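The sequence and structure come first, and the notes follow by topic.

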Amino acid sequence: VFSTYYGGSEIEWGKLLVDNNNNILLSGSTNSVDLLRKPLPNYNLHKGELDLYITKFAEDGEILWDAYYGGSRGDSFFTPIIDSSDNVYLISDTTSLDYPTINANQSIYGGDLDDLGITKVNPDGDILWSTYFGGEGSDSHYQCCPDPSDDSILVDRTNYLLDNDDNLIIYSNTVAKNIQM
């Protein structure tokens, strides 16, 4: 059991996840350029008005690593998902035209207002893949909550779930789209 303060000089918000080794992952959005305490070398720069972040704590409260993810504009965090291999899916509303796209399903920003940004991060904090998800217009989402009946995440316009093979499946406007990378 531990207790701590964690934050930078500006505003942070986020949610906690617990992995299979009882490590605690704090994931959210920040506009603080001074948030990170043990930054990963490839993810130590705050790039935008608002960036995504993950801080990984050991069970005893020691910070194992932390990192910024995102582009040069706004990347607003929503519900993270952790899979059976302790990979974390960061799902965000992005207005960044340079959101990181690595092994991307969609490498070009599609919306005139915003797209979803989806990033899969391994247990060491490295990006496995990162993609835009969206078309013309607004592809953001606002409310997320777990659905206990089928392990999906319910969102007002989009549903997310991990299937038995840890593929992220996105349902949007009753059309199923499965991102497998």
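**Strand pairing, burial and salt bridges**

Strand E5 (residues 75-77) pairs with E7 in the antiparallel sense, over three bridges. The model is a predicted one.

**Strand E7 and its partners**

- Within the pairing of E5 and E7, Asp75 stands opposite Thr94 of E7.
- Strand E6 (residues 81-82) also pairs with E7 in the antiparallel sense, here over two bridges.
- Ile82 has Val88 as its bridge partner in E7.
- E6 and E7 form a hairpin with five residues between the strands, and in its turn Asp86 has a positive phi of about 70 degrees.
- Strand E8 (residues 115-121) is another antiparallel partner of E7, and the two are joined over seven bridges.
- In that pairing, Ser92 has Gly117 of E8 as its bridge partner.

**Burial of E7**

- Strand E7 spans residues 88-94, and seven of its seven residues are buried, so the strand is largely enclosed by the rest of the structure.
- In a regular strand, side chains alternate between the two faces of the sheet.
- Both faces of E7 are covered: one side carries Val88, Leu90, Ser92 and Thr94, the other carries Tyr89, Ile91 and Asp93, and all of these are buried.

- Four strands form an open sheet in the order E1-E2-E3-E4, with antiparallel pairing.
- The edges are strand E1 (12-18) and strand E4 (63-69); each has a single partner strand, so one side of each is left without a neighbour in the sheet.
- On average, neighbouring strands of this sheet are turned by 15 degrees against each other, direction ignored.
- E1 and strand E2 (residues 24-30) pair in the antiparallel sense over seven bridges.
- In this pairing, Glu12 has Thr30 of E2 as its bridge partner, and Trp13 has Ser29 of E2.
- E1 and E2 form a hairpin with five residues between the strands, where Asn22 takes a positive phi near 65 degrees.

**Salt bridges**

- How many salt bridges does a search of the whole structure find? The search finds two.
- One joins the side chains of Lys56 and Asp19, at 3.9 Å from N to O.
- This pair links distant parts of the chain, with Lys56 in strand E3 (residues 51-57) and Asp19 in the loop between E1 and E2, 37 residues apart.
- Are Lys56 and Asp19 buried or exposed? Both residues are buried.
- The side chains of Lys38 and Glu62 also meet in a salt bridge, at 3.4 Å from N to O.
- This pair too links distant parts of the chain: Lys38 lies in the loop between E2 and E3, Glu62 in the loop between E3 and E4, and they are 24 residues apart.
- Lys38 has a relative accessible area of 38% and is therefore partly exposed.
- Glu62 counts as partly exposed because its relative accessibility is 41%.
- The class of partly exposed residues lies between the cut-offs of under 20% for buried and over 50% for exposed.

Methods:
Residues are numbered from 1 along each chain as its sequence is written. This is a predicted model: local features need pLDDT of at least 70, side-chain atom pairs count only at pLDDT 80 or more; totals for chains, interfaces and linings use all residues. Side-chain values use heavy atoms; hydrogens and water are left out. Buried means under 20% relative accessible area, exposed over 50%, partly exposed in between (1.4 Å probe, protein chains only). Two strands pair if DSSP finds at least two bridges between them. Axes are lines fitted to C-alpha atoms, for helices over the stretch in contact, and angles run from 0 to 180 degrees between N-to-C directions. A salt bridge is a side-chain nitrogen of Lys or Arg within 4 Å of a carboxyl oxygen of Asp or Glu.
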